[in-house]
Amino acid sequence: MQHYPVFFNTRAARIILSGGGEAALAKLRLLMKTEANLHVFAPDAAPEIIDWANAGALTLHRRALKAEDVAGAALVYAADEDEARDSQTATLAHSARVLLNIVDNLEGSDFITPAIVDRDPVTIAIGTEGAAPVLARQIKADLEARLPSSLGALARIGKAFRHAADTLPMGRARRAFWSEYYTKTGPASISKGEAATKAALDTLLAQHVAEAPAEGHVVFAGAGPGDPELLTLKARRALHEADVVIYDRLVSPAILELARREALMLSAGKEGFGAAMSQADINALIVKHASAGAQVLRLKGGDPAVFARLDEEIEACEAHDIAFSIIPGITAASASAAALGQSLTKRGRNTEARLVTGHDMQGYADQDWKSLARAGEVAAIYMGKRAARFIQGRLLMHGAAANTPVSLVENASLPNQRIVATTLGQLPSALAEAALTGPALTLLGLAPRDAVVPTLKQEVAQ
């Protein structure tokens, strides 16, 4: 992000604009919506600018900009549409250390003016770093069509009511009140006028004040394999509503960005064979915040019910009479099979697909190796990188063919996804050569489908 968006307080600010043509008109139409003290410098101003000056909307100086004009200004716009004149304005602004915008000159400007959707006091700014102004206008047009003109009135009424709403406790109770006002009560009453809307707001507040304080609740949700677009709508809503988010190491930063800015974000990362927060500490963390009345989101990579120790955390909630709910997610097995262009089950090949773990609390996990070694079997092996040689040995010992296809999918669904396609006989050496550093799932019995994902086979062992 080259340009950081801020909202500048224009009340009584002295803003200078040099220019009197079309570019100046375009800027002034927007600037006149502000509370700024506008000064336009143009020897030859357009008739509209003269009319605005006569109406008292701005002050017109029918001459070129001088150094003394810039002193004390908050912003300067160079809109003469002439390179030499704009350069002179830039020199004056920089000498006075005043922020400058040169129309249609991104590199020469200290700031840019975004496309704006105006529902005063609701203002939405849209910027593309100057890369796609047409796209910005299209987004603006789309938002203009979506947002009702009454939105500004609702916001003004709500702003005036904020002090009264402070009688509600901070956090979920207050958010629930305002959410109901802006989504239901306000839109339903605004057509009857502001007086009716204010009365409805009084009634709504009384209802919320009378309600018993909301008890804490825990949502166990799956964040999916990492791609934010694979997050379920229900999980995304839980992210928006949570007071506290306790997340695992495998939850991608892009998904965490979807949480409310006010939410308390707590990492409870675990890594096989490495230092990690203990399960007892995670349970205590969940109970602590939920017991205090918070809406807690326990966010786990993939699906919370697949090798995520969900039951232990549920039991901790039950032991303290804390209500909970579960939102499933897309597990790594599904995402990895999709990356290969394959199905986990196939008629005539396998009637079941097993989800197994490479290691458990006691070390390398034991399995029904005899059945896994049969031809045509498919298994998704979680946490299997470090156990690769152990898995290979057990399967070969129980009769698996050395040429059984094995695929490892690292960072499934993410831009840095990588696939290692090999065989059971070559599994440890292929894994060592690939030097995978991210989380990877091992798919026994599946190879990439060349017609679908030939470019994803980064490492191939024959």
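Here are some numbered notes for finding your way around this structure.

1. Ground rules first. This is a predicted model, in which local features need pLDDT of at least 70, side-chain atom pairs count only at pLDDT 80 or more, and totals for chains, interfaces and linings use all residues. Residues are numbered from 1 along each chain as its sequence is written, and side-chain values use heavy atoms, with hydrogens and water left out.

2. Start with the sheet built from S1 to S5. Its 5 strands form an open sheet in the order S3-S2-S1-S4-S5, with parallel pairing. Strand S3 (59-61) and strand S5 (99-102) are at the edges with a single partner strand each, so one side of each has no neighbour in the sheet. From one strand to the next, the twist averages 20 degrees. As for the terms, helices (H or I, at least four residues) and strands (E, at least two) are DSSP runs, numbered from the N terminus. Two strands pair if DSSP finds at least two bridges between them.

3. Within that sheet, have a look at S1 and strand S2 (residues 37-41), which pair in the parallel sense over 5 bridges. Ile15 stands opposite Leu38 in S2. Helix H1 (residues 22-31) packs on the sheet and touches S1, S2, strand S4 (75-78) and S5, its direction making about 160 degrees with that of S1. Contact here means heavy atoms within 4.5 Å. Axes are lines fitted to C-alpha atoms, for helices over the stretch in contact, and angles run from 0 to 180 degrees between N-to-C directions.

4. Met1 has 78% relative accessibility, so it counts as exposed. The cut-offs are under 20% relative accessible area for buried and over 50% for exposed, with partly exposed in between (1.4 Å probe, protein chains only). Met1, Tyr4 and Val6 make a nonpolar surface patch of about 450 Å². Patches are made of residues with over 30% relative accessible area and no salt bridge, where like charges are joined within 9 Å and nonpolar side chains (Val, Leu, Ile, Met, Phe, Trp, Tyr) within 5 Å. A salt bridge is a side-chain nitrogen of Lys or Arg within 4 Å of a carboxyl oxygen of Asp or Glu. The areas come from the Shrake-Rupley method with a 1.4 Å probe, and for residues only the protein chains shown count as cover.

5. Some backbone details deserve a check. Most residues other than glycine have a negative phi, and most peptide bonds are trans. Arg97, in the loop between helix H4 (83-95) and S5, has a positive phi near 55 degrees. Asp104, in the loop between S5 and S6, also has a positive phi, near 60 degrees. Arg97 is exposed, with a relative accessible area of 80%, and Asp104 is exposed at 83%. A cis peptide bond, with omega about 10 degrees, joins Asp120 and Pro121. Pro121 lies in the loop between strand S6 (115-119) and strand S7 (122-126).

6. Further along there is another open sheet of 5 strands, in the order S10-S9-S11-S8-S12, and its pairing is parallel. At its edges are strand S10 (264-267) and strand S12 (323-327), each with a single partner strand, so one side of each is left without a neighbour in the sheet. Strand S8 (residues 217-222) pairs with S12 in the parallel sense over 5 bridges, and Val218 stands opposite Phe324 in S12. H12 lies across S8, strand S9 (244-247), S10 and strand S11 (295-300), running at about 155 degrees to S11.

7. Leaving aside neighbours within four places in sequence, Ile286 is in contact with Val218, Phe220, Ile246, Val296, Arg298, Glu313 and Cys317. The C-alpha atoms of Ile286 and Ile246 are separated by 7.7 Å, although these residues are 40 apart along the chain.

8. Last stop: the later part of the chain. In strand S17 (residues 405-410), 5 of the 6 residues are buried, so the strand is largely enclosed by the rest of the structure. S17 runs antiparallel to strand S18 (residues 418-423), joined by 6 bridges, and antiparallel to strand S19 (residues 440-444), joined by 5 bridges.
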